[in-house]
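User: I have a structure open and would like to learn how to read its features. Could you take me through them in turn?

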Amino acid sequence: MGRGDLEKRHGAGESLQRRRDIGDKLARLYGAIEEGIVELVAQLKERIAALKSARDAAHTALERIVAQGATSRALTPERIAAFVELVREKIETADIQDRKA
């Protein structure tokens with residue numbers, strides 16, 4: 001696993017954790033409103049809207065990271081051709097021991 005893969009996994013993990021944390025905050029706010037602990041005032045409405053926006057941004061970032069990971073591993077004709085050329089060069093120019101391997 002390359003460094004880029006590790007960074008993508010780390011970024012995906014952070015985005016997923018951020019989305020969960022924000023979801024938990026929203027759930028607590030909704031629960032407090034339903035139980036009458038807090039009143040739904042303008043400031044609370046703004047806070048809920050900001051949390052929803054942050055949650056959506058984290059979800060979008062997670063989807064982008066997952067999509068990039070899927071496309072970076074895809075076998076394309078160009079990648080196959082590059083691999084074939086690399087192997088051909090190694091076979092033609094490598095020493096005898098490497099050719100036998």
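This is a predicted model: local features need pLDDT of at least 70, side-chain atom pairs count only at pLDDT 80 or more; totals for chains, interfaces and linings use all residues.

User: Which residues make up the largest nonpolar core?

Analyst: A nonpolar core is a set of buried Ala, Val, Leu, Ile, Met, Phe, Trp, Tyr and Cys residues joined through side-chain atoms within 4.5 Å, where buried means under 20% relative accessible area, exposed over 50% and partly exposed in between (1.4 Å probe, protein chains only). Here the largest has seven residues, namely Ile22, Leu26, Leu29, Leu44, Ile48, Leu51 and Ala54. The elements that give two or more residues to this core are α1 (3-34) and α2 (42-72), and α2 gives the most, with four residues; helices are DSSP runs (H or I, at least four residues), numbered from the N terminus.

User: What does leucine 29 touch?

Analyst: A contact means heavy atoms within 4.5 Å. Not counting residues up to four places away in sequence, leucine 29 touches Leu44, Arg47, Ile48 and Leu51.

User: Is serine 15 buried or exposed?

Analyst: Serine 15, which lies in helix α1, is buried, because its relative accessible area is 11%. With residues up to four places away in sequence left out, serine 15 touches Ala58, Ala61, Leu62 and Ile65.

User: What does arginine 19 contact?

Analyst: Arginine 19 also lies in helix α1, and counts as partly exposed because its relative accessibility is 25%. Leaving aside neighbours within four places in sequence, arginine 19 is in contact with Arg55, Ala58, His59 and Leu62. Arginine 19 and alanine 54 are 35 residues apart in sequence, yet 8.0 Å apart in space, C-alpha to C-alpha.

User: Which residues form the nonpolar patch on the surface?

Analyst: Nonpolar patches are made of residues with over 30% relative accessible area and no salt bridge, their side chains (Val, Leu, Ile, Met, Phe, Trp, Tyr) being joined within 5 Å; a salt bridge is a side-chain nitrogen of Lys or Arg within 4 Å of a carboxyl oxygen of Asp or Glu. In this model, Leu75, Ile80, Phe83, Val84, Val87 and Ile91 form such a patch, with about 580 Å² of accessible area together (Shrake-Rupley method, 1.4 Å probe). Valine 87 lies in helix α3 (residues 77-93) and is partly exposed, with a relative accessible area of 31%.

Methods:
Residues are numbered from 1 along each chain as its sequence is written. Side-chain values use heavy atoms; hydrogens and water are left out. Patches are made of residues with over 30% relative accessible area and no salt bridge: like charges are joined within 9 Å, nonpolar side chains (Val, Leu, Ile, Met, Phe, Trp, Tyr) within 5 Å.
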